[in-house]
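Here is a short briefing on one protein chain. Please look over the sequence and the model before reading on.

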Amino acid sequence: MPRLKDFIELHFIVLLWGFTAILGKLITIPAVELVFLRTLIAALAIGVIIYRRKTPFWLGRNNMFIMMGVGLMISAHWILFFASARISSVSLCLVGMATCSLWTALLEPAFTSKKLRFHEILLGVLILVGLYIIFRAETEFDNMLGIGMAVGAALLGAVFTIINARLAKKHPSTTITAYEMAGACIGTALFFPLYAGMFTETGSLSFAMNGMDWVYLLVLSLVCTVYAYTASVRLMQKISAYTMNLTVNMEPIYGILLAWLIFNENEQMTSNFYIGATIILVSVFIHPVLDTYSERRQKLKQASPEKVVAGEN
């Protein structure tokens, strides 16, 4: 069972993920090259940690292929997210990404023995409502390609989170992260030819960075990726994939607040922001309450079904 400190750490991780948007704005190289360097540094750093801690690394060929495959999904997830924000808008992209909770609620029963829960689907829809209220001033639903990419990224995010929730119960989180970051790095490198030919003006990649770029990149790779991603995988030993993805919907809220504090970007801090943020906060924090109620009700039914039926009549 997760403890209070587990949920506090989870929100701290999501805060760090919200900070990645700030770092992405500060670093001058394009996003795809940034993803490649981020995953490369993260994979190497995790490798060093595994070596120093003598954590088991070889987990068998099948597990290696599964984790590398998850890494490819992570790469595609980040690339779709970037492409959606580029061809449409960040706001529209975040609205599409908000479907991650809904995808998780629908898909998790197919991967696990967990049953489909109505309240999880309802909370996923409420998250969509909250983010739409925040960003509706900029949302353009006629840009179907952009929102389609964001929904695709959310679908991939739901799938690899569910898979990681299962892997985390069997293998060390650092080893999982090492394989997945390596897979994401390779996946991004495989995307380079298509990206350079279709999405860059010069037809080539750009890795030119200044001194502060490297500082920001190391913070992004070591703190926001190595620590945050490894810790999130470790927390999946106690926290369900749905709870994880529901909490991750706080990322745009944290991101906007950080942008307001660091860059004084307060154009989104309208009444719509507070209404939408309240809906998201209520959805996130009411989930454990509804889960507890659902579990108690289920146990009561299993213990004395006749009493439950009599009580309901």
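pLDDT is the predictor's confidence in each residue, on a scale from 0 to 100. This is a predicted model. Its chain averages a pLDDT of 78, and 81% of the residues score at least 70.

**Confidence along the chain**
- Helix H2 (residues 31-53) has the highest mean pLDDT among the elements, at 89.
- Helix H13 (residues 305-312) has the lowest, at 50.
- Over residues 138-142 the pLDDT is below 50. This stretch still has eight contacts in the model beyond near neighbours in sequence.
- Where pLDDT is low, the predicted coordinates should not be read in detail.

**Nonpolar surface patch**
- Met212, Val215, Leu218, Val219, Leu222 and Val223 make a nonpolar surface patch of about 440 Å².
- Leu222, one of these residues, lies in helix H9 (residues 211-235).
- Leu222 has a relative accessible area of 37%, so it counts as partly exposed.

**Surroundings of Met97**
- Met97 lies in helix H4 (residues 90-97).
- Met97 is buried because its relative accessible area, 15%, is under 20%.
- Beyond its neighbours within four places in sequence, Met97 contacts His77, Phe81, Ala150, Ala153 and Ala154.

**Cysteines**
- With a cut-off of 2.5 Å between cysteine sulfur atoms, the count of disulfides is zero.
- Cys185 is buried, at 9% relative accessible area.
- Cys224 is also buried, at 1% relative accessibility.

Conventions:
Residues numbered from 1 in each chain as written. Predicted model: local features only at pLDDT ≥ 70, side-chain atom pairs only at ≥ 80, totals over all residues. Heavy atoms only, no water. Patch = residues over 30% accessible without salt bridge, like charges linked within 9 Å, V, L, I, M, F, W, Y side chains within 5 Å. Areas by Shrake-Rupley, 256 points an atom, 1.4 Å probe, with all protein chains shown as cover. Salt bridge = Lys/Arg side-chain N within 4 Å of Asp/Glu carboxyl O. Helix = DSSP H or I, 4+ residues; strand = E, 2+ residues; numbered from the N terminus. Buried < 20%, exposed > 50% of the residue type's maximum accessible area, 1.4 Å probe, protein only. Contact = heavy atoms within 4.5 Å.
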